[in-house]
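Student: I should like to learn how to read the packing of helices in a model. Could we work through an example together?

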Amino acid sequence: MSIEGKAKEAAGFIKEEMNEHGKSAESQKKAEEGRELRNEGRIEDGKAPKTTEPGTGAK
């Protein structure tokens with residue numbers, strides 16, 4: 001597990017959580033960007049990427 005991967009996953013999680021409930025297209029775009037960053041960090045650490053839609057609460 002790399003520190004960089006953990007940092008990307010944490011930053012992506014925060015960005016996703018902050019924007020997932022927004023109704024605007026911009027909020028949804030930011031949530032998706034957060035999910036992509038989160039997945040990038042997960043992949044670097046050898047974890048499976050999240051495949052559900054941001055904001056669904058599915059784990």
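Tutor: The discussion below treats the helices in turn and then some individual residues. Please bear in mind that this is a predicted model.

Student: How are two packed helices described?

Tutor: In general, one gives the angle between their axes and the distance between the axes. Here, helix H1 covers residues 3-19 and helix H2 covers residues 25-44. The two pack at an angle of about 160°, and their axes lie 7 Å apart. Because an angle over 145 degrees counts as roughly antiparallel, H1 is roughly antiparallel to H2.

Student: Is the crossing of H1 and H2 left-handed or right-handed, and which classes of residue form the contact?

Tutor: H1 passes H2 in a left-handed crossing. The contact of H1 with H2 contains 12 charged, seven polar and four nonpolar residues.

Student: What span should H1 have, given its 17 residues?

Tutor: At 1.5 Å a residue, H1 should span 24 Å. The C-alpha atoms at its ends are 25 Å apart, which agrees.

Student: How should I read the pattern of buried residues along a helix?

Tutor: An α-helix has 3.6 residues a turn, so residues three or four places apart point the same way. In H1, the buried residues are Gly5, Lys8, Glu9, Gly12, Glu16 and Asn19. They cover an arc of only 115° around the axis, which puts them on the same side of H1. On the other side of H1, Ile3 and Met18 are exposed.

Student: Which residues of H2 are buried, and which are exposed on the other side?

Tutor: The buried residues of H2 are Ser27, Ala31, Gly34, Arg35, Arg38, Asn39, Gly41 and Arg42. Their arc around the axis is only 160°, which places them on the same side of H2. The exposed residues on the other side of H2 are Ala25, Glu26, Lys29 and Ile43.

Student: Why does Glu16 count as buried?

Tutor: A residue counts as buried under 20% relative accessible area. Glu16, which lies in helix H1, has 1% relative accessibility and therefore counts as buried. Ser27, in helix H2, is buried with a relative accessible area of 17%. Lys8, in helix H1, is likewise buried, and its relative accessible area is 17%.

Conventions. Residues numbered from 1 in each chain as written. Predicted model: local features only at pLDDT ≥ 70, side-chain atom pairs only at ≥ 80, totals over all residues. Heavy atoms only, no water. Axes fitted to C-alpha atoms, helices over the stretch in contact; angles between N-to-C directions. Helix = DSSP H or I, 4+ residues; strand = E, 2+ residues; numbered from the N terminus. Parallel < 35°, antiparallel > 145°, perpendicular 65-115°, else oblique. Left-handed = near helix turned anticlockwise from the far one by under 90°. Nonpolar A, V, L, I, M, F, W, Y, C, P; charged D, E, K, R; others polar. Buried < 20%, exposed > 50% of the residue type's maximum accessible area, 1.4 Å probe, protein only. Arc of directions from axis to C-beta. Expected span 1.5 Å × (residues − 1).
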